[in-house]
Amino acid sequence: QVQLVESGGGLVQAGGSLRLSCADSRTTFSFNNMGWYRQAPGKERELVATKTSGGTTYYADSVKGRFAISRDNAKNTVDLQMNILKPEDTAVYYCNADRTLGVTKYIYWGQGTQVTVSS
């Protein structure tokens, strides 16, 4: 059974850095996509960054040039290096992964980790 476990959230001042990590040590198969979403209070969950098993990356415009996603397919881990953090980056960050079996797409979520950026 898939279990995505996140770590690395916390409180940081504006301009600082944090690194989020997510790992699934239970499964032996590879995910199609692994990435990060975030949800700020009163807002919808939004995609931050994702990386395919082939290495293609996607970043939300708001984080381009500041965040970097990395992934280890063999270990089923995905990290998010967040630099030059801004107060508007404050949110709960969720690890996300998916795989497709036949015509069915399975989506998995971590429990979320809080990132708070003070001004």
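**View 1. A charge lies over the ring of Y94.** R45 lies over the face of Y94, at 3.7 Å from the ring centre. The cut-off for such a contact is NZ of Lys or CZ of Arg within 6 Å of the ring centre and within 35 degrees of the ring normal. This is a predicted model, in which local features need pLDDT of at least 70 and side-chain atom pairs count only at pLDDT 80 or more, while totals for chains, interfaces and linings use all residues. Residues are numbered from 1 along each chain as its sequence is written, and side-chain values use heavy atoms, with hydrogens and water left out.

View 2. The structure holds 4 aromatic pairs. Rings of Phe, Tyr and Trp (its six-membered ring) pair if their centres lie within 6.5 Å; planes under 30 degrees apart are stacked, over 60 edge-to-face, and the rest tilted. F31 and Y108 form an edge-to-face pair, 5.9 Å centre to centre, with 65° between the planes. F31 lies in the loop between strand 3 (18-23) and strand 4 (33-39) and Y108 in strand 10 (residues 104-109), so the pair ties together parts that are 77 residues apart in sequence. Strands here are DSSP runs (E, at least two residues), numbered from the N terminus. Is F31 buried or exposed? F31 is buried, at a relative accessible area of 0%. Y108 is buried too, at 18%. Buried means under 20% relative accessible area, exposed over 50%, and partly exposed in between (1.4 Å probe, protein chains only).

**View 3. Y94 and W109 form another aromatic pair.** This pair is edge-to-face, 6.4 Å centre to centre, with 90° between the planes. Y94 lies in strand 9 (residues 91-101) and W109 in strand 10, so the pair ties together parts that are 15 residues apart in sequence. Y94 counts as buried, at 14% relative accessibility. W109 is partly exposed, with a relative accessible area of 37%.

**View 4. F29 belongs to a ring cluster and carries a charge over its ring.** Ring pairs link F29, F31 and Y108 into a cluster. The charged end of R99 sits over the ring of F29, 3.4 Å from its centre.

**View 5. M34 has partners in two strands.** Strand 4 pairs with strand 5 (residues 46-52) in the antiparallel sense, over 6 bridges. Two strands pair if DSSP finds at least two bridges between them. In strand 5, the bridge partner of M34 is K51. Strand 4 also pairs with strand 9 in the antiparallel sense, over 7 bridges. There, M34 stands opposite A97. In the hairpin of strands 4 and 5, with 6 residues between the strands, G42 takes a positive phi near 80°.

View 6. The order is 1-3-8-7, and the pairing is antiparallel. Which strands form the edges? Strand 1 (5-7) and strand 7 (67-72) do; each pairs on one side only. Strand 7 and strand 8 (residues 77-82) pair over 6 bridges. S70 stands opposite D79 in strand 8.

View 7. The protein has 0 helices and 11 strands; a helix would be a DSSP run of H or I, at least four residues. Along its principal axes, the C-alpha trace spans about 45 × 25 × 25 Å. Of the 119 residues, 41% count as buried.
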